[in-house]
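Visitor: I'm new to reading protein structures. Could you walk me through one?

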Number of protein chains: 2
Amino acid sequence: MRANIKKNGLKRVVVVGCGLGGLRLARSLRNSGYQVVIVDKNNYNQFPPLIYQVASAGLEPSNISFPIRRIFQGYKHFYFRMAEVKAIDAGEKAIATSVGPIHYDYLVLAMGGTTNFFGNKNAEQHAFPMKTVVDGMRLRNHILETLERAETEEDMARRQKYMNVVIVGGGPSGVEIAGALAEMKRNIVPRDYPDLADKMHIYLINASDRLLKSMDEKSSSTAEAELKNMGVHVRNGWRVTDYKDNVVYIDNGKTLESSTVVWVSGIKANVVEGVPEGSVGHAGRLLCDRFNRVKGMTDVFAIGDQSLVEGDPDWKLGHPQLAQVALQQAANVASNIVKSDNGQEMKPFVYKNLGTMATIGRRRAVAEIGSARLGGTLAWLLWLVVHLRSILGVKNKFFVLLNWMWNYFNYMQSLRLILK
Amino acid sequence: MRANIKKNGLKRVVVVGCGLGGLRLARSLRNSGYQVVIVDKNNYNQFPPLIYQVASAGLEPSNISFPIRRIFQGYKHFYFRMAEVKAIDAGEKAIATSVGPIHYDYLVLAMGGTTNFFGNKNAEQHAFPMKTVVDGMRLRNHILETLERAETEEDMARRQKYMNVVIVGGGPSGVEIAGALAEMKRNIVPRDYPDLADKMHIYLINASDRLLKSMDEKSSSTAEAELKNMGVHVRNGWRVTDYKDNVVYIDNGKTLESSTVVWVSGIKANVVEGVPEGSVGHAGRLLCDRFNRVKGMTDVFAIGDQSLVEGDPDWKLGHPQLAQVALQQAANVASNIVKSDNGQEMKPFVYKNLGTMATIGRRRAVAEIGSARLGGTLAWLLWLVVHLRSILGVKNKFFVLLNWMWNYFNYMQSLRLILK
């Protein structure tokens, strides 16, 4: 087995990871005179902002995933390899992968991050992360299975354990999944499981003093009010210390019994060997200069969640790990590669915040754009448009829109299949 | 744990298996004055005629699957239990299940069948069956993975092994999956894997002397001509004797190297304990009288693929294991249960053949209705309408139609995700 790609006289850019950042970067290099090799362990690109809707049975995995080969059909000098990347051999200018070594002239690391359980092995083993569409499917299957189990459980205490859902993390992901599950509780459970109608309880455990800490206080209080209104139990200032034998332990001594814990409270960068030890920063992020070049390496860039750009006076702790940052860094790195080969000066990365938003439920969202603070239906419509625009492929856009409209008008998703 | 269903003074009909037959039967008992308990190991009903389209990435699992609880929303006195059925306790008039015993006044077995490998352990372990949507997904994932592997394989002989697909069975399922994969070969592979454009070979191995043996000779020759035209290698009169280490062994001494063998050549009935030994017939089918009552049992019926009705002079070997038979038996048994409780005479089952059809590809199908023999576009359109009508749920009908139209007009499915 070997990677099987012939050098063809062009300089080769190898992109590791075809998430939002890697994909944008590769696309930016179309017709730029480079050979581009995209490496990913999956054969599809996925759209993280909507994974929670896969979990709540509102969307299909295929609605927010797109085959990488399909994306690059017709791109000249583009190659895709489905492979795991094991290490960088900086001396050889090559990466070691599960399909053999791949040489690079430029290497871009865009491997993103994974769930950070902060060393809590029990949580890592038993809680559900929400970083991939496969995570989303797994959570969906689990919730449907526990509902089936609850129906046949005689012991009332044990049944309640099946009916309690605990979400750990009060950021946008936590708020979104809490809202989506609250709608499932209100619209689906009473119809499909009449005996369990009022039994489901959703707890949102948030370590900081308010939800959506990265947003404005007004957005936080709007989100909290909406969630409470939908029956979600919001617990601010609670920190989870452990999760074992279906019991969640809180630092204030309280406990919650639950067979379903969703963990959306932290992220750590994916790891690749062969990076100088001193270049790995907080939570595994690779320390970069303002051109996203990894410290102590040559012709190696890191972008998005995997990177931490140093030296920006406005972002002393690095930029937030958001889709926008990844997308903007991708475009900047692509253009810098071209610039430097043309003898032009490279441009340092400057983050432009286009606004942040989080959806809470049907016709409920919060959005911050510049100094504007939006809530309610307007924010929700904006959220819809922005996300629909970002989803790859005409067909996927169309089908996601149809799914949403369908659910909007009849309140009943029919994707509740336990498929393994 | 217990099944947790209170008797409420009504007679209880327990239906095991919510496939085409079980579902039809349960629906026929709506508002009939019975308590109906549906038991299935999955929480969804699936539509077998289109599983091959899941395998060829033309449809999503959720397009042809439907949550059972959703189907019976609003049905009074209907209960669903997701459970495995282990045995019948005829003396107690109860079934033993994974959620505890469930008593019945009438029991209907509609558990269908599974793939028959005819005792060939190697094939059972390594070949892909095509009986469930999960089978379909598994085959889809496998084919996409072998294409990825072929791209990085240096050894040409080994690469060809990845590119050969062998389908065992020349009935409708074999013809349909061969046609669908031939279209994948023609429309998808050259675009997604330019280096593998002409390398894929599809073999259809058929033990009998012609394809679609249950249909007319004219339909057989049409199907064979169409498949050959699409590049499928049809091998009539070949019988597979073994499949190991990626080699398919044929009874005529020939061999085929292939890492992908699809096995659609036989069916055996699913098994439940507690049936008198003498009541189990060919390939596990339960021997029934003409009212679908299992021989030697009281108030126990079997329908569809799991049953074999004796005593019909027109069908001395039993009826074919087809959707139509299951549906018609379901309706007849439901009405007979009501009749017998009202002191009316039960009606023996009489099979009415409404016609048979098989699709071969885009605008290619064969159909036989009464004495009419259709081919080409007309048969294909008919096939489309008939199957669309049979799919449950407005939303599913609508989405399947959209998927088909989409694929029809742009020849490119985008469901090629390797999701596990």
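Predicted model: local features only at pLDDT ≥ 70, side-chain atom pairs only at ≥ 80, totals over all residues.

Visitor: How many helices and strands does chain A have?

Guide: Chain A has twelve helices and 24 strands. Its C-alpha atoms fill a box of roughly 70 × 45 × 40 Å along the principal axes.

Visitor: What does the radius of gyration say about chain A?

Guide: The value for chain A is 22 Å, close to the 22 Å that the globule rule gives for 420 residues, so chain A is as compact as a globular protein of that length. As for burial, 57% of the 420 residues of chain A count as buried.

Visitor: Which share of the contacts in chain A joins residues 24 or more positions apart?

Guide: Taking contacts with a separation of 6 or more, 63% are between residues 24 or more positions apart.

Visitor: And what about the surface and the charges?

Guide: The accessible surface of chain A comes to about 17,300 Å², and 51% of that belongs to carbon and sulfur atoms. Chain A also carries 53 positive and 39 negative side chains, with the centres of the two sets 7 Å apart.

Visitor: Why can charged side chains pair up?

Guide: Side chains of opposite charge can pair when their charged atoms come close. Here the cut-off for a salt bridge is a nitrogen to oxygen distance within 4 Å, and the count comes to 34 salt bridges over all chains.

Visitor: Where in chain A do Arg138(A) and Asp135(A) sit?

Guide: They're both in helix α5 (residues 133-151) of chain A, and because they are three residues apart there, about one helical turn separates them. Arg138(A) is partly exposed at 47% relative accessible area, whereas Asp135(A) is buried at 9%.

Visitor: Which parts of chain B does the salt bridge of Arg364(B) and Glu226(B) link?

Guide: That salt bridge, at 2.9 Å from N to O, links distant parts of the chain: Arg364(B) lies in strand β23 (residues 364-369) and Glu226(B) in helix α9 (residues 217-229), 138 residues apart. Arg364(B) and Glu226(B) are both buried.

Visitor: Which residues do salt bridges with shared partners join into one network?

Guide: Arg69(A), Arg81(A), Glu148(B) and Glu151(B) are joined that way.

Conventions
Residues numbered from 1 in each chain as written. Chains lettered and ligands numbered in written order. Heavy atoms only, no water. Salt bridge = Lys/Arg side-chain N within 4 Å of Asp/Glu carboxyl O. Helix = DSSP H or I, 4+ residues; strand = E, 2+ residues; numbered from the N terminus. Buried < 20%, exposed > 50% of the residue type's maximum accessible area, 1.4 Å probe, protein only. Rg over C-alpha atoms; globule rule 2.2 N^0.38 Å. Contact = heavy atoms within 4.5 Å. Areas by Shrake-Rupley, 256 points an atom, 1.4 Å probe, with all protein chains shown as cover. Lys, Arg positive; Asp, Glu negative; His and termini not counted. Charge placed at Lys NZ, Arg CZ, Asp CG, Glu CD.
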